[in-house]
Every structure is written in structure tokens, then in C-alpha cells.
Amino acid sequence: MGTIRLLDEQIANLIAAGEVVERPASVVKELVENAIDARSTRLEIDVEEGGMELIRVRDNGAGIEPDDLHRAFERHATSKLTSGQDLFRIRSLGFRGEALPSIAAVSKLECVTLGANGSAGKKLEIHGGEVVSEETVAADRGTDFIVRQLFFNTPARLKYMKTVQTELGHISDYVYRLALARPDISFIFRHNGKVLLQTNGRGDLQHAIAAIYGVGTAKDMIELVGETPDYRLAGWVSKPELTRASRSALTTIVNGRYIRNFSLIKAVLNGYHTLLPIHRFPLAVLHIEMDPALIDVNVHPSKLEVRFSKEKQLFSFIEATIKQKMNELVLIPKQMTSSLKNKPIQEHLDWSGSRKSERIVKNEPRGSKQPFHPPLMNAQDKESRYSSEKLQETVRRYVSAETKETVLPVFPELHLIGQMKGTYILAQNDDGLFLIDQHAAHERINYEFYYDHFGNPTPVSQELLIPMTLELTPADAELMRNRIELLEQVGVYLQPFGGNSYKVMSYPHWFPTGSERELIEEMIEWILTERQIDLAKLREKSAILCACKRSIKANESLSNAEINALFTNLRACLNPYTCPHGRPVVVSFSNHELEKMFKRVM
Ligand code: ADP
Ligand code: MG
């Protein structure tokens with residue numbers, strides 16, 4: 001007898017749920033998209049405990065007619081496609097008819113709805129795919145979905161869920177993108193009763209951007225429009241001096257659908273060309289309209305990825321439009337002018353840790369070449385460094401698990417031969433030839449300097465004369481509330497400053513000059529995205545961020561004195577052999593290896 005059977009509907013739905021409902025955010029996305037497809041103008045989204053307890057989406061859209069209610073929860077049941085042809089000209093967000101049965105299969109779901117034709121509402125309750133009750137109730141026009149105890153019957157998936165904050169992060173990310181996609185719909189989004197987003201639904205995209213990223217940020221963005229026979233582009237992009245440490249504030253919307261597309265993002269970045277500082281990304285919200293025939297949305301179960309048929313033309317259009325806009329603006333980064341005006345003289349970094357350096361240098365604008373003067377460490381400095389408690393702790397971190405020896409790695413005495421391509425330093429000693437990556441070397445030195453300093457930052461923090469305010473998204477601002485104290489332990493003091501803003505009250509005076517704001521923003525971004533944070537990790541991460549900012553880059557010629565100072569500082573490092581990212585600082589060729597290479601010995 002054959003063993004192949006058709007799966008029953010309930011199992012099929014459970015399997016589909018595995019694809020469609022990955023986490024609470026997927027439920028929010030599907031329910032909100034359905035509400036948008038139902039031509040709602042007002043949406044209320046309530047979430048409890050990161051969506052694990054409850055997800056509720058209420059809309060004022062078309063509603064579901066009583067005859068359709070059961071069918072809406074059947075697999076491949078949709079009102080959005082009538083023929084195969086429709087698949088090639090999709091205007092709606094949904095069309096696969098998979099979301100409702102999938103969500104209902106893995107949760108306790110309640111749906112109250114009233115369509116245009118009915119006078120009373122219908123309420124349907126489904127637990128784990130089985131209808132448990134159905135009744136006629138009083139209801140407003142529209143649909144109200146309540147999803148409780150997601151994944152209650154799929155423990156494997158439940159185990160995979162992260163913390164409330166992580167799940168909330170995913171949810172708010174979707175809600176923000178959907179609100180940016182549809183500024184003509186009013187969104188209210190609450191977590192545990194607290195309003196995290198409210199948009200007015202009047203169709204003003206800049207207003208929606210302000211609701212999410214803050215008024216200050218929205219004001220620093222510029223409007224963009226463009227058109228070709230195939231495409232229409234409208235949106236807002238940040239001026240080059242307004243940047244983020246990640247790509248997360250880049251939103252591309254195609255025919256009203258938020259999509260993720262690497263090439264589209266790349267086109268945006270190319271549009272800025274060299275205007276962006278290294279490792280910084282702009283903010284952008286782009287609405288792109290095109291004939292639905294030019295785009296295939298049926299390539300991904302949650303429709304986040306799409307395929308364009310005239311890809312190259314689209315990308316070069318986006319790139320060119322942004323480029324042109326940037327050329328139109330004569331942009332002088334604010335930081336450049338203000339730092340020149342307000343702080344002409346800046347004390348040089350105090351390298352030795354205990355003594356104050358007497359050297360002062362002019363604070364040059366960002367991006368200009370900064371003079372590099374690593375200080376020399378005398379024996380006494382080294383002694384005090386090596387004997388401190390802090391050192392012992394650091395040594396423990398570095399000494400490899402296998403040996404457990406407590407010897408400090410020693411950087412060899414080297415004699416300089418020269419510099420190659422402004423990037424590598426060539427040096428020798430009796431043992432052989434050494435190539436040093438100057439950027440990695442300097443990063444290591446800086447990293448150890450900052451790591452030490454972050455260990456005890458408080459006494460040297462200084463109050464700011466010119467206040468620095470930071471605008472966060474509503475969800476991030478809320479999350480930050482619990483993490484302020486952690487930041488204080490590395491010397492950064494924040495205070496809530498109304499709305500979603502924080503004011504930086506003080507930070508350590510030894511933060512890399514000219515990059516203070518960027519640094520604090522990056523530290524906050526890290527704190528907000530990292531799952532498990534503790535002081536030790538924050539200290540290390542902050543030191544790495546500082547080291548990157550402060551370090552000499554490749555292609556920078558150094559004087560012999562500077563190179564020798566670099567060697568001296570490397571010898572004072574606890575681990576001089578790798579940069580904080582783990583890349584090697586030095587590679588060596590022993591005399592024997594060289595002789596073998598040249599076949600002088602066999
Ligand atoms: P799809 O969105 O792909 O059609 P779904 O499973 O998400 O599939 O929804 C099934 C059907 O239920 C939809 O086609 C629509 O007719 C109806 N529906 C779902 N949510 C709503 C809503 N909020 N308002 C009105 N109708 C809805
Ligand atoms: Mg749908």
C-alpha cells in the first residue's frame with residue numbers, strides 16, 4: 001500500500017505558518033497590511049509584552065461580510081485576486097491568502113468585524129486553527145483582530161523568541177516602515193499601553209518622518225522628486241552631514257509596499273557618492289511608483305523582497321536623482337563650521353594616562369589630516385600601567401586559554417627601514433623582516449588607551465557648554481530609559497529632554513575631538529541593538545569605536561619620529577599583535593624563511 005497522503009488542512013496551515021509567521025512582528029505586518037488593503041484611514045495597533053501576550057490591530061476599513069468570514073481563514077482564500085493575470089499587476093499588499101489561516105493556526109485569535117452591508121458585527125474565535133465560538137455582536141464598521149498567546153501550540157518556535165525588547169524592536173521597525181509607506185493613514189501604535197507612534201494621516205510624508213525620527217531630523221532632510229517614462233520618485237533624503245551608523249534608516253517603498261532591496265540601497269548610497277563619512281549612512285524615505293507589470297512581488301513569502309524587470313534603469317535613475325540633488329546644494333557640514341568657530345583650540349589627547357600633555361594642537365575640521373603625535377611612554381609610565389589592577393584584568397582577557405601563562409606579549413625592538421604606500425611600515429631586527437599595518441597598530445594603541453579610560457571615566461567628565469540633543473525613535477527612547485545608567489558608567493550622562501529626545505549633559509573630555517556626537521550616537525545605537533549588554537561589553541565596544549575614530553588611516557605618510565613613537569607605544573601595549581577587530585598588526589619573515597624563499601637554504 002502507498003504511504004503518500006494529502007495533509008489535512010490544519011497541518012498544512014501549521015506548516016505555512018512556519019513560513020509566514022516567523023515572530024510577533026510578522027503577525028503585526030500581516031494584520032496591518034490587510035487593514036491597509038481594506039482601505040482603512042485609521043489604524044490602531046496595540047501590543048503587549050513584545051507581542052507575545054497580545055497583538056491587536058483595529059481598523060475602520062471595509063470589514064468582512066458575514067458570508068466571507070469563515071472563508072477568510074481558509075488557505076489560499078483571498079478577495080484580492082480573481083484570475084492568474086491579476087498576479088502580474090498587483091496593487092494590493094496581500095494576495096496569497098495565507099496570513100489569516102497561518103496566524104490562526106498558531107495562536108488564540110479573535111476577530112470582530114462589520115462590513116458595509118451588515119447592521120450587526122460578527123465575532124469569530126479560533127484557537128490553534130479550530131473554531132471555538134462564533135456570535136453576533138455590536139461592532140463599529142471595520143475589523144478588530146486580537147491575537148493572544150502566539151505560538152502557544154508550537155513550543156519549538158516559542159523557544160526561539162527573543163526578549164520582549166528584541167521582539168518589540170522588530171515590531172516597531174515594521175510599524176514605522178508601514179507608517180512611512182502610508183502617510184495618508186493615521187497610525188497609533190502602543191506597547192503595554194504606552195503610545196510609541198502617532199501619525200496624523202494627512203498624507204504629509206515629512207510629518208510621518210518627524211513622528212518617527214524626530215522633528216529636528218525631519219527638518220534636516222530635503223525633498224526629492226524625479227520622473228522617467230517608467231518610474232516616479234518622491235521622498236526625503238538627509239543632507240550628507242546628517243548620518244547614522246547603520247543602514248537602518250533607509251526605507252524604500254515601491255508601489256506602496258515597503259521592500260528590502262540591496263541594490264536599491266546601494267543606488268541611494270552611490271547617489272551620495274563621496275559626501276558621506278566612512279561607515280556612515282544617510283536617512284532616506286523613497287516612494288517609487290511604477291507599472292506593477294515591471295515588478296514581481298511573488299518571490300518571497302512575506303513579500304519583503306521583489307524582483308524588478310528593468311533593474312539597471314531603475315537603479316541609475318535613483319542614483320542620478322540623488323546625485324543631482326546633492327550637487328544642487330552647496331553643502332558645508334555644520335560640524336565643520338561650528339567646530340572652527342566655537343572651539344579653535346583643543347587640548348591634545350592625554351596619552352600617558354596620568355600626566356597631562358602640554359602639547360596643544362589646533363582643532364582641524366573633520367576629514368582633514370590630523371597631525372599624529374603618539375607620546376612616548378617612559379619606564380615609569382609603563383611600570384604603573386603594568387602593575388595596576390586594571391592591567392591584571394586586561395591581561396586575563398588576553399592571555400590565551402590554552403597556555404594560561406601570565407607572560408605579557410612583548411613587541412620586539414625594531415629598526416625602521418621605511419614606509420610603503422603610506423600604509424605599511426617595514427622594519428627589521430636580528431631575527432628578520434617585519435611588516436606593520438600602521439592603521440591596525442594605531443588602532444590597537446588607541447584601543448588600549450580608551451579601554452583604560454572607559455574603566456574609570458567619571459572624575460574627568462565635563463559638562464557641556466553648548467547642549468547636545470539626541471532624537472530617538474519613540475520605541476528607542478522608551479528602551480533607552482532603562483539603559484541610561486549603563487551609559488553613565490562609561491561617563492556619558494543623558495537626561496530625558498521631552499518627547500523622544502535626550503540631552504547629553506556631559507561626557508569624558510578625552511572623547512575623540514570632533515567626533516563626540518557621532519561616538520555617543522554609535523554607543524547608543526549599539527546599546528539599543530545589542531541583545532545582551534553589560535558594562536564590560538559596553539566598555540570594550542566604546543573603546544573600539546573611539547579607536548576607529550582616532551586612528552590614522554592607510555595612505556598617510558608618517559615621519560620617522562612618528563613611526564618610532566608608534567613602535568614605542570606598541571611595546572607598551574598589552575596585546576600588540578592584533579587590532580581590536582582581530583586583524584594582525586604585524587607579520588614577520590624570519591631570516592630562515594627569507595633564506596628559504598630565495599633558495600639559499602633548502
Ligand atoms: P490576503 O491578504 O493575501 O488576501 P489574508 O489571509 O491575509 O490573505 O486575508 C484573507 C482575506 O481576508 C483577505 O483577502 C480579505 O478579503 C479578508 N481580510 C483580512 N483582513 C481584513 C481586514 N482587516 N479588513 C477587511 N478584510 C480583511
Ligand atoms: Mg493579507
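E98 is buried, with a relative accessible area of 11% (buried means under 20% relative accessible area, exposed over 50% and partly exposed in between, using a 1.4 Å probe and protein chains only). This is a predicted model, where local features need pLDDT of at least 70, side-chain atom pairs count only at pLDDT 80 or more, and totals for chains, interfaces and linings use all residues. Residues are numbered from 1 along each chain as its sequence is written, chains are lettered from A and ligands numbered from 1 in the order in which they are written, and side-chain values use heavy atoms, with hydrogens and water left out.

As for its setting, E98 sits in the loop between helix 3 (69-72) and helix 4 (99-105); helices (H or I, at least four residues) and strands (E, at least two) are DSSP runs, numbered from the N terminus. Setting aside residues up to four places away in sequence, E98 touches V20, R75 and H76, where contact means heavy atoms within 4.5 Å. R75 turns up again with A16, which is in contact with R75 and S102 once its neighbours within four places in sequence are left aside. A16 belongs to helix 1 (residues 9-20) and is buried too, with a relative accessible area of 9%. From C-alpha to C-alpha, A16 lies 9.2 Å from A105, though 89 residues separate the two in sequence.

Helix 2 (residues 24-37) is next. Its 14 residues reach 20 Å from the first C-alpha to the last, close to the 20 Å expected at 1.5 Å a residue (the expected span is 1.5 Å times one less than the number of residues). Helix 2 is largely enclosed by the rest of the structure, because 13 of its 14 residues are buried. Just past helix 2, R39 takes a positive phi of about 60°.

Further along, the axes of helix 9 (residues 262-272) and helix 10 (residues 311-328) come within 7 Å and cross at roughly 30°. That makes helix 9 roughly parallel to helix 10, a label for angles under 35 degrees. Where they meet, S263, L264, A267, V268, N270, G271 and Y272 of helix 9 contact L314, F315, I318, E319, I322, K323 and M326 of helix 10. The residues of this contact split into nine nonpolar, three polar and two charged (Ala, Val, Leu, Ile, Met, Phe, Trp, Tyr, Cys and Pro count as nonpolar, Asp, Glu, Lys and Arg as charged, and the others, Gly among them, as polar).

Zooming out, the protein chain has 20 helices and 24 strands, and 49% of its 602 residues count as buried.

Technical notes. Axes are lines fitted to C-alpha atoms, for helices over the stretch in contact, and angles run from 0 to 180 degrees between N-to-C directions. Angles under 35 degrees count as roughly parallel, over 145 as roughly antiparallel, 65 to 115 as roughly perpendicular and the rest as oblique.
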